[in-house]
Amino acid sequence: MSSDTPLHNALQKALDDRAETGMYIFDITEPLPSSAPDLFSNDYLSLTTDPVAREYLFAKLAKNPPLFGSTGSRLATGNSDDYNALEQRLQHHYNSPAALLTNTGFTANLAFWGSVPQANDVIIYDDLIHMSCREGFRLAQAEAIYRFDHNSVSSFHAVLVDTLKKHPKIASGNGTVFVSVESLYSMDGDFCPLVEIVNLVEKLVPSGHAHIVVDEAHTTAMYGPHGSGFVAHLGLSDRVHTTMHTFGKAVGLQGGVVLTSSTIRQYLVNFARSFMFATSMPHLSIHAANALFDVILSERGDQLRKQLRDNCLYTYFRLSTAFKRVSKDLLYLEDNPMYEGKTELCSPIIPIFSPLAHDLSAFLRPRGYASTPFTYPVVREPRIRFIVHARNTREEIDGFVELLMIWASGKKARL
């Protein structure tokens, strides 16, 4: 494309404007470094390199001739008994009326939000909800869309009350309030106050006129009995109407599943275009998902979840202790009571805040760490994210903390 056309100039201006705001300009011509220990990926349970899961997969492949492409959408030639069996397995595992596989977690949210809310319905969402939900909202038929302050029960209460006043159709039985939240938010590493939100919905919205949707992307396979999720951990499976689980994080694969009512499942199959017209997951992914869930549902899965929690507690202790010697102008953590060990909920996502996030990331990358800086407008406070994994060793964690101290000492000397 010529470098002097209206299109080129508009695109270049957008990139320049992005850089001027302090946002990181991504370049994927080369992968992020990987020579250092993994302290930045979403592979929470370390399943992408799990030897037992690999053995399970090889055994399944030897017994199943179809290995590669599915050859079409689920509505055409892309369906199989293996697809249906995996959906039934997940439906049982998550104690859900129905399950629908999708190519990604992003597609799961896009399919649901872009098709299920109807013309008389309203959507209320947490301010930090994932972009996949927001893209779905843009396609939704909903009459109105409102947001509430992140994880603020009081803000949610005020928005819900105001919504019911503005939209009397809901109370009269001609509309539904959809509530969109995540179980664990990826940038701040904090859990949704879901019990309080569910209680408010049930108190204020007439029965049958609310639909609570929880995106469990960052809690899939990590919490609840045998990794059945955050909603199950809280005992809310029969009070939350729809959940989305992704395979792209702790499961260590790609794909997703919508857990919902049988009616919504059938509606998605017939109306969600991102599902209807997309080639379905390859057979290889179905076999791999079964192998990985064999591990997740086993005693080994429970051990990995315990190792992850222990590592989370240790990492936060090491970071918080070390950062006491460092100015907040360089590095700091937010106080988080979950790391006192008084709850089973412990986030593997630990934001390390720094006004010099770009510089810190530039220091870490040549040393083999796949660090990405996050700055405004993606987040309000610049940071990198330390992500703990089940099979990280304490030596790996200690070594990274020491490296942060070396960087901070060098910066302090120049101030």
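I began with the second largest pocket, which is lined by 16 residues, with Phe26, Leu32, Arg365, Ala370 and Thr372 nearest its centre. I took a pocket as an open set of points on a 1 Å grid over the protein atoms alone, where a 1.4 Å probe fits, with protein on both sides within 12 Å along at least five of seven lines, and lining residues as those with an atom within 4 Å of a point. The model is predicted, and local features need pLDDT of at least 70, side-chain atom pairs pLDDT 80 or more, while totals for chains, interfaces and linings use all residues. Residues are numbered from 1 along each chain as its sequence is written, and side-chain values use heavy atoms, without hydrogens and water.

I noted a volume of about 430 Å³ for the second largest pocket. Its lining divides into 11 nonpolar, one polar and four charged residues.

I then looked up the largest pocket, which holds about 810 Å³ of space. Its lining comprises 25 residues, and Leu128, His130, Ser186, Met187 and Val378 lie nearest its centre. I counted 11 nonpolar, four polar and 10 charged residues in the lining of the largest pocket.

Last, I turned to helix 6 (residues 153-166) and helix 8 (residues 194-204), which pack at an angle of about 25° with their axes 10 Å apart. Helix 6 is therefore roughly parallel to helix 8, a label given to angles under 35 degrees. I recorded the crossing of helix 6 and helix 8 as right-handed.

Definitions and conventions
Axes are lines fitted to C-alpha atoms, for helices over the stretch in contact, and angles run from 0 to 180 degrees between N-to-C directions. Helices (H or I, at least four residues) and strands (E, at least two) are DSSP runs, numbered from the N terminus. Angles under 35 degrees count as roughly parallel, over 145 as roughly antiparallel, 65 to 115 as roughly perpendicular and the rest as oblique. A crossing is left-handed if the near helix is turned anticlockwise from the far one by less than a right angle, and right-handed if clockwise. Grid points are joined across faces, edges and corners, and a volume is the space filled by probe spheres set on the points. Ala, Val, Leu, Ile, Met, Phe, Trp, Tyr, Cys and Pro count as nonpolar, Asp, Glu, Lys and Arg as charged, and the others, Gly among them, as polar.
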